[in-house]
Amino acid sequence: MEHRANLVRRFYQLFCETDLVYREAAAGLGLTHSVFEILYAVWNYGDDMRCPLREVRRRSGLGKQTVNSALRRLEGEGLVCLERAGGKHKDVCLTAQGAALAKRTVVRIMEAENAAFSGWTDQEVDSYLALTEKYLSALREAARGLNVR
């Protein structure tokens, strides 16, 4: 059991250090963490520079209020716009200015991610991603039992 506890501590430490790499890279490129996460989510969603707002929230891992505040700021700077996508749904759309910012920032971080994986075989990448998804699914399920509200 002690061995398993040490593994969990090590995993969490690696998770936190990975998150810090992203935060520092974003800051070094002049972006706040929340703006980086939103730009990354929209850029990475599809080729049309738009992403459903609910997907931005899910993919960014940011809270609803944080996303809404950051989007208001990005809209004010002319980097994104929100468009109705049927019913109550909205899409977050990058403007030309927002797409240019994403190319200067998010794409550079994606290139760093690709460089980090460049020494791995396709099988290693596939295994890493599959195991990470398996862990996330199990953690999500276990965490559901923690909600006591």
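Predicted model: local features only at pLDDT ≥ 70, side-chain atom pairs only at ≥ 80, totals over all residues.
Trainee: Let's start with aspartate 91. Why is aspartate 91 called buried?

Mentor: Buried means under 20% relative accessible area. Aspartate 91 has a relative accessible area of 12%, so it counts as buried. You'll find aspartate 91 in strand 3, residues 90–94.

Trainee: What does aspartate 91 touch, leaving out residues up to four places away in sequence?

Mentor: Its contacts include Arg50, Pro52, Leu82 and Glu83.

Trainee: How do you know that the side chains of aspartate 91 and arginine 50 make a polar contact?

Mentor: A polar contact needs a pair of N or O atoms within 3.5 Å. The one joining these two side chains is 3.0 Å.

Trainee: And what makes arginine 50 and glutamate 83 a salt bridge?

Mentor: The rule asks for a side-chain nitrogen of Lys or Arg within 4 Å of a carboxyl oxygen of Asp or Glu. Arginine 50 and glutamate 83 meet at 2.8 Å, N to O. Arginine 50 sits in strand 1 and glutamate 83 in strand 2 (residues 80–84), so the pair ties together parts that are 33 residues apart in sequence. Arg50, Glu83 and Asp91 are linked in a network of salt bridges.

Trainee: Why are arginine 50 and glutamate 83 called partly exposed?

Mentor: Partly exposed falls between the buried cut-off, under 20%, and the exposed one, over 50%. Arginine 50 is at 24% relative accessibility, so it lands in that range. Glutamate 83 is at 33%, so it gets that label too.

Trainee: How many salt bridges does the rule give?

Mentor: The count comes to seven. Among them is the pair of arginine 9 and glutamate 2, with closest N and O atoms 3.4 Å apart. Both arginine 9 and glutamate 2 are exposed. There's also glutamate 141 with arginine 144, at 2.7 Å. Those two lie in helix 7, three residues apart, which is about one turn of the helix.

Trainee: Why is helix 2 described as largely enclosed?

Mentor: Because 11 of its 13 residues are buried, the rest of the structure largely encloses helix 2. Among the buried ones are Val35, Phe36, Leu39 and Trp43.

Trainee: What stands out about methionine 49?

Mentor: Methionine 49 isn't a glycine, yet its phi is positive, about 60°. It lies in the loop between helix 2 and strand 1 (50–52).

Trainee: Which residues form the nonpolar patch on the surface?

Mentor: Phe11, Tyr12, Phe15, Tyr135 and Leu139, with about 530 Å² of accessible area together. Helix 1 (2–28) and helix 7 (122–144) each give two or more residues to the patch. The largest share, three residues, comes from helix 1.

Trainee: What makes phenylalanine 11 partly exposed?

Mentor: Phenylalanine 11 is at 39% relative accessibility, so it counts as partly exposed. That figure also clears the patch cut-off of over 30% relative accessible area.

Trainee: Where is phenylalanine 117, and what does it contact beyond four places in sequence?

Mentor: Phenylalanine 117 is in helix 6, residues 106–117. Beyond its sequence neighbours, it is in contact with Val125 and Tyr128.

Conventions:
Residues numbered from 1 in each chain as written. Heavy atoms only, no water. Patch = residues over 30% accessible without salt bridge, like charges linked within 9 Å, V, L, I, M, F, W, Y side chains within 5 Å. Areas by Shrake-Rupley, 256 points an atom, 1.4 Å probe, with all protein chains shown as cover. Buried < 20%, exposed > 50% of the residue type's maximum accessible area, 1.4 Å probe, protein only. Polar contact = N/O pair within 3.5 Å; in protein donor to acceptor, adjacent residues only side chain to side chain. Contact = heavy atoms within 4.5 Å.
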